[in-house]
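Subject: Structure handover

Hi there,

Here is the structure I promised to pass on to you. Please have a look at it first, and then read my notes below.

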Amino acid sequence: MPERMCVSCGKKSEKSSFIRISGRLELQSTGNTIGRSAYVCRNKDCIQKLSNGKTRIGVSLKRNNIKKEELIKLSNEILTKVINGQD
């Protein structure tokens with residue numbers, strides 16, 4: 001199985017253990033989708049680091065113009081899904 005790395009903590013594991021983020025900063029299922037993506041662990045600490053901008057998400061997505069507001073929105077969306085067990 002191919003390994004992926006969390007953009008927040010750097011942990012490596014199978015992609016099924018992460019939440020996938022598309023290049024448009026949207027959540028995606030971990031199925032076979034095309035395009036650049038980043039992965040974040042399913043724990044609150046790593047997800048909250050997204051909103052602080054203390055991650056390598058820009059490097060992973062090859063984007064250097066990610067606004068803090070976008071990261072806060074993404075982080076809140078992920079936390080809601082993780083807390084509610086939707087993902």
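A search for disulfides (pairs of cysteine sulfur atoms within 2.5 Å) through the whole structure comes back with zero. A disulfide is a covalent bond between the sulfur atoms of two cysteines. For Cys6, the closest cysteine sulfur is that of Cys41, and because the separation is 3.5 Å, it is too far for a bond. Cys9 is in no disulfide either, its nearest cysteine sulfur being that of Cys41 at 3.6 Å. As for burial, I use relative accessible area with a 1.4 Å probe and protein chains only: buried is under 20%, exposed is over 50%, and partly exposed is in between. Cys6 is buried at 1%, whereas Cys9 is partly exposed at 43%.

Before you go further, a word on the source: this is a predicted model, in which local features need pLDDT of at least 70 and side-chain atom pairs count only at pLDDT 80 or more, while totals for chains, interfaces and linings use all residues. Residues are numbered from 1 along each chain as its sequence is written, and side-chain values use heavy atoms, with hydrogens and water left out.

Now the overall fold. Helices (H or I, at least four residues) and strands (E, at least two) are DSSP runs, numbered from the N terminus. The protein chain has five strands and three helices, and their order from the N terminus is β-β-β-β-β-α-α-α. The radius of gyration, taken over C-alpha atoms, can be set against a globule rule of 2.2 Å times the number of residues to the power 0.38. For 87 residues a compact globule would come out near 12 Å, and the protein chain agrees because its own value is 12 Å. Along the principal axes, the C-alpha atoms fill a box of roughly 35 × 30 × 20 Å.

Of the 87 residues, 36% count as buried. With contact meaning heavy atoms within 4.5 Å, 49% of the contacts in the protein chain with a separation of 6 or more are between residues 24 or more positions apart.

On charges, Lys and Arg count as positive and Asp and Glu as negative, with His and the chain ends not counted. Each charge is placed at NZ of Lys, CZ of Arg, CG of Asp or CD of Glu. The protein chain has 18 positive and 8 negative side chains, and the centres of the two sets are 4 Å apart.

Most residues other than glycine have a negative phi. Leu25, however, has a positive phi of about 60 degrees; it lies in the loop between strand 3 and strand 4 and is buried at 10% relative accessibility. Lys62 also has a positive phi, near 55 degrees. Lys62 sits in the loop between helix 2 (57–61) and helix 3 (68–84), and is exposed at 64%.

Finally, which residues does Ser22 contact, beyond its neighbours within four places in sequence? They are Gln28, Arg36, Ser37 and Leu61. Ser22 belongs to strand 3 (residues 18–22) and is buried at 5%. Gln28 is in strand 4 (residues 27–28) and, with residues up to four places away set aside, touches Arg20, Ser22 and Thr33.

Best wishes
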